[in-house]
Amino acid sequence: ITADGVDLLIDLSGYTDHTRPGILAHRPAPVQLGWLGYLATSGSDWLDYFVLDSICAPPELDDACSEAIVRLPPSCGFCSYALETVSPCSRIEAGLPEGSIVLAAFHNGFKIDPQIFSLWMRLLAAQPKALLWLLAGSAQTKQNLRREAAQRGVDPDRLLFAERIEHARHLGRLACADLLLDTPVCNGGSTVCDALTAGVPVLTCPGTTPIQRIAASLMTAVGTEELVVDDLSTYEALALELLRDRMRLTRLRQKLAE
């Protein structure tokens, strides 16, 4: 890197699997920054800047980062496939029953904490026609989630699991969902981009850290900030309102399409 005379080196990995921070610790470039792949400060002296936006990084975050924050307008996240044409499939093709209300939460299982899962189960209990559509993980994950649903008084069969498929086909089936429910402890990133691209409204409740605010950033960038709420009680109340007002959901979908 040094021999190539690189002026600006961007770290897209942070402290994730297969990362190599030792390279940046040697400072092979005069200016080094972190962006996108690891939405947290490195706590190091080898990254000069941390690229975020004004929603992911409110002013109080400045003192919490070892790097200087560069704020991009309108969002530090992006979706390279946002303008692709999505070809929706039918609910039958997606393995969903006709006439149901489909709440999607296609997050990796580790993002689902007990508090938000309990909230989702209360939504199902309040709306008998609603189903929760989840991303299939391991057999153990399915078993655990179904057991926890039953312990909360919800029929485990109301949890449906979708296997991983090719991305374009996934966007087509995701368009069958009525609403995507975000996970507040660790937001969806590509999950939220997928939903917005497929024309599915997303409900989120931002926290205090960038990874807890990326969904709000993406949603504000596309103009659906009315679904960004301040707390989980409002999240639950708004979800119930939307479940009971299909016309409102339809208008939100039209807004996303535009």
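**View 1. The lining of the largest pocket, sorted by residue class.** Of the residues that line the largest pocket in this predicted model, 18 are nonpolar, 12 polar and four charged, where Ala, Val, Leu, Ile, Met, Phe, Trp, Tyr, Cys and Pro count as nonpolar, Asp, Glu, Lys and Arg as charged, and the others, Gly among them, as polar. A pocket here is an open set of points, on a 1 Å grid over the protein atoms alone, where a 1.4 Å probe fits, with protein on both sides within 12 Å along at least five of seven lines, and lining residues have an atom within 4 Å of a point. The space in the largest pocket comes to about 740 Å³, a volume being the space filled by probe spheres set on the points, which are joined across faces, edges and corners. Lys 111, Gly 188, Gly 189, Ser 190 and Thr 191 are the closest to its centre among the 34 lining residues, and helix 4, helix 5 and helix 6 are the elements that give two or more residues to this lining. Helices (H or I, at least four residues) and strands (E, at least two) are DSSP runs, numbered from the N terminus.

Residues are numbered from 1 along each chain as its sequence is written. Because the model is predicted, local features need pLDDT of at least 70 and side-chain atom pairs count only at pLDDT 80 or more, while totals for chains, interfaces and linings use all residues, and side-chain values use heavy atoms, with hydrogens and water left out.

**View 2. The second largest pocket.** This pocket has a volume of about 420 Å³, and among its 22 lining residues Ala 82, Leu 83, Leu 196, Thr 197 and Val 222 lie nearest the centre. Helix 5 supplies the largest share of the lining, three residues, and by class the lining has 15 nonpolar, five polar and two charged residues.

View 3. Helix 5 spans residues 190–197, and seven of its eight residues are buried, that is, under 20% relative accessible area with a 1.4 Å probe and protein chains only. Their cover includes helix 4 (167–174), strand 8 (179–181), strand 9 (202–203), helix 6 (214–221) and helix 8 (246–257). Just after the helix, Gly 199 takes a positive phi of about 85°.

**View 4. Trp 120 in the largest nonpolar core.** Trp 120, Leu 132, Leu 159 and Tyr 235 touch the most other members of this core of 72 residues, a nonpolar core being a set of buried Ala, Val, Leu, Ile, Met, Phe, Trp, Tyr and Cys residues joined through side-chain atoms within 4.5 Å.

Conventions: Buried means under 20% relative accessible area, exposed over 50%, partly exposed in between (1.4 Å probe, protein chains only). Contact means heavy atoms within 4.5 Å.
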